[in-house]
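Visitor: Hi, could you walk me through this one? I'm new to reading structures.
Guide: Happy to, let's look together.

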Amino acid sequence: MNKKLKQKAIIIIGGSEQQVPQIQWAKEFDMFVVVTDKNSDVPGKKIADLFEVIDGTDIQTFLKLAKKLQQDYDLVGVHSNNDFALPLISTVSEFLNSKNCSLKSTLTALDKYKAKELWQKNNLSTPSGKLVESYSEAKIIAMKIGLPIIIKPKNSSGSRGVKSVTDINELEIA
């Protein structure tokens, strides 16, 4: 029995100019390219095979889209250039039974403080740090450990929101 092979498909989260090279790459491999973005007027919309207006954090809508696509295509994965979509990618990857980070691992990696606790628990070298919820807590910790200190949001990637504080008067701004 000769079973017809389904065309491979990929979902690319984001249709901005930044994602256009990934969309073009997937099309060069003859994939059915689904582009999603929360904005309806993005450059990737013009070159996608299918465009859907979906926020990149809307896991339930993406799961529905993945199920729908699997009826007609061999959905090979979900791609994004941004960390905000990583929990969604992990969830859809689990649904597709494809190799990827688990949702638990992804959420731990995205939460800097949880990741730090895990590293410390496993005796991995990491700078000391404290989780603070207010300026007054930060000031107490800064006075206790001394300056300079680095202030960073616990749920942001790369260096976004990271501030070096060398003078106690800079702390409130950071």
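**Around helix α6**

Guide: Just after α6, Asn-123 has a positive phi of about 55°. Before we go on: this is a predicted model, where local features need pLDDT of at least 70 and side-chain atom pairs count only at pLDDT 80 or more, while totals for chains, interfaces and linings use all residues. Residues are numbered from 1 along each chain as its sequence is written, and side-chain values use heavy atoms, leaving out hydrogens and water.

Visitor: Which residues of α6 are buried?
Guide: In α6, residues 112-121, the buried ones are Lys-112, Ala-115 and Lys-116. They lie on the same side of α6, because they cover an arc of only 100° around the axis. That arc is taken from the directions from the helix axis to the C-beta atoms. Buried means under 20% relative accessible area, exposed over 50%, and partly exposed in between (1.4 Å probe, protein chains only).

Visitor: And how do you decide what is a helix or a strand?
Guide: Both are DSSP runs numbered from the N terminus: helices are H or I with at least four residues, strands are E with at least two.

Visitor: What covers those buried residues of α6?
Guide: The cover includes α5, residues 103-110. Here contact means heavy atoms within 4.5 Å.

Visitor: New topic: strand β2. Is it buried or exposed?
Guide: 6 of the 6 residues of β2 (residues 32-37) are buried, so the strand is largely enclosed by the rest of the structure. Phe-32, Val-34 and Thr-36 point one way, while Val-33, Val-35 and Asp-37 point the other way.

Visitor: Why two ways?
Guide: Side chains in a regular strand alternate between the two faces of the sheet, which is why.

Visitor: Which strands pair with β2?
Guide: β1 (residues 8-13) pairs with β2 in the parallel sense over 5 bridges, and 4 bridges join β2 to β3 (residues 50-53), also parallel. Two strands pair if DSSP finds at least two bridges between them. Ile-13 stands opposite Thr-36, and Leu-50 is the bridge partner of Val-34.

Visitor: Last one: which residues have the most contacts inside the largest nonpolar core?
Guide: Ile-11, Leu-69 and Val-92, in a core of 19 residues. α3 gives the most to this core, with 5 residues. A nonpolar core is a set of buried Ala, Val, Leu, Ile, Met, Phe, Trp, Tyr and Cys residues joined through side-chain atoms within 4.5 Å.
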